[in-house]
Amino acid sequence: MSRPSDTSGTSGNGSPRVLLDPTSESRPASRPRLPRLESLEGRTVGLLDISKARGDLFLDELEARLRAQGARVERYKKPTFTKPAPVDLRHEIATKCDAVVEALAD
Amino acid sequence: MSDAIESPPLPDGLVAVVKRDCPTCELVVPVLRQLAREKPLTVYTQDDPGFPGDPKAQDDTSLRVSWHHEIEAVPTLLRVESGVEQQRTLGWDRAEWEALSGVAGLGPELPGFRPGCGSRSVDPDLAPRLAARYGASKLEARRVELAELEDEMEAMYARGWSDGLPLVPPTEERVHAMLGGTTRDAQEEVARVPPDLVPCTVEKVAINAVMAGCKPEYLPVVLAAVEAACTDAFNMHGLLATTMPTGPVIIVNGPIRRAIGMNTGINVFGQGSRAGATIGRALQLVVRNVGGGRPGEVDRATFGNPGKLSFCFAEDEEGSPWQPLSADLGASPGTSTVTLFPGEAPRSIVDQLSRDPEELARSLAVNLRTLHHPKLLLAFDCILAVGPEHARVFREAGWSKQKLRTRLHELLQVPGSEFVRGAGGIAEGLPESLRDATLPKFRPEGLLIVHCGGGAGLFSAMIGGWVNGEMGSQPVLREIRP
């Protein structure tokens, strides 16, 4: 016997799996991303060096390319790559920049 | 999805819904040809788009048309005017088909009447999936979409929904199937669940019941348990917040125990029975997820107890010498009920030597005296679960439940010299001002007696309560409604 052709539910191949929220729904299910920038012209982009070897070389190159597209660039550096960025540094980036690139290296 | 939810309009004229896997549908194929010659006719087929071929059918293998138009049997013949159904007939009945179609002399070679077959859209195996697909608007809970690489079991842990054990993912399909266990509307408010006092719908209870592992037929028990737990008398907020090791204990009485396969015998408080293990857990998950009551937050228990995951059992009424607990609490015979009790873990009472009821009552009393502390009186209720072998002693001696309760009450009178603070070199106790009083261990209604457990073992068990009365929690009985 054939199975209903378009009733494969929400867990079929490739389709999103959807669950029903069992909670009071008083907290957001997920934090939405900020809207993407439409252009870099006149925007401030932060470049965060995480203090790994040669990360600065990569960011130098990135800075040149971003400036060529009309962006302002601010450089930041974490004290060490082994720990999360200090709160003050994160706050400064959040207040001054429209976007941020966090560079890995090695 | 919205296309699926919208009801597809039926074309004007005659509409027939059929499937190949139905002898009556095969039988009426010549009649359908006859009708197609005389009138505008649309045929929908549920299983084989090639059936009947002549006349050519519309493909309803998705069952969208059948589901939305509530086709219950095939063949169904409908008459539609301006998109509105005027009339329908189920199965083959020449007189009815002729009256509905206005065409005379249908199927002269056929018998006058043949019952139809079940529509695929009401097939119990397919119905929950179809309801999820086409009736999704009836479920109002927020949809939580999982990322492609997210493991669904881990995702539920990560969102804080779990009590520590794995959960059954609450998909729309499963929640629809769960809601099939009750006649109540999905959006009906069941209770305001502490500690956040959030209005909780039947749907939210169903979602948590799915996660707990319940079958749909358990849902009415879970709903009654949620109602009972969320009363002022039961005081779920206080019971959750207490530092004492107590949580809701659900005792099920009445015919539903057997109907849903609850264990009343061997290992009655233990593992291995799906109904008991999941009904108690569903209540616990409702308090956790809807009410927002979590350990370390509002739940401040010093120790807790393993039964706080799930503690639900049914009484062995058939083997009992006495009327069930529900009758003691005022339920009429034959009704199915839950009784909510604020209980700690069960503790064993061993007595393998007493053969007369007086000896055994004394043995039970000396154990009951120790509940929470032998010098603390009147503040706590208790469930006494009498095992079948102990119950036999009382049955053979003709002791009623009331006689046992009265005798235990007499045996549990404690003189002030034993219970005041400092007595026996123990600081804990009642105020010195009560030294001249004699007080009972339990208030008159504070000893609840049930019969359950396996047939071998001269044991009983006691389940101690939390603070009773206005200050704490009262046992609450609730009838289970379908």
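This is a predicted model: local features need pLDDT of at least 70, side-chain atom pairs count only at pLDDT 80 or more; totals for chains, interfaces and linings use all residues.
S1(B) is mostly covered, with five of its six residues buried. In general, the strands of a sheet pair through backbone hydrogen bonds, in either a parallel or an antiparallel sense.

In chain A, three strands form an open sheet in the order S3-S2-S4, with parallel pairing. Strands S3 (72-77) and S4 (99-103) of chain A lie at the edges, each pairing on one side only. On average, neighbouring strands of this sheet are turned by 20° against each other, direction ignored. Strand S2 (residues 44-49) of chain A is linked to S4(A) by five bridges in the parallel sense, and Leu48(A) faces Glu102(A) of S4(A).

Two helices of chain A pack on this sheet. Helix H1 (residues 55-68) of chain A touches S2, S3 and S4 of chain A, and the direction of H1(A) makes about 170° with that of S2(A). Helix H2 (residues 87-96) of chain A likewise packs on the sheet with contacts to S2, S3 and S4 of chain A; for H2(A), the angle with the direction of S2(A) is about 160°.

How values were computed:
Residues are numbered from 1 along each chain as its sequence is written. Chains are lettered from A and ligands numbered from 1 in the order in which they are written. Two strands pair if DSSP finds at least two bridges between them. Helices (H or I, at least four residues) and strands (E, at least two) are DSSP runs, numbered from the N terminus. Axes are lines fitted to C-alpha atoms, for helices over the stretch in contact, and angles run from 0 to 180 degrees between N-to-C directions. Two residues are in contact if their C-beta atoms, placed from the backbone, lie within 7 Å. A residue is buried if 20 or more other C-beta atoms lie within 10 Å of its own, exposed if 12 or fewer, and partly exposed in between; C-beta atoms are placed from the backbone.
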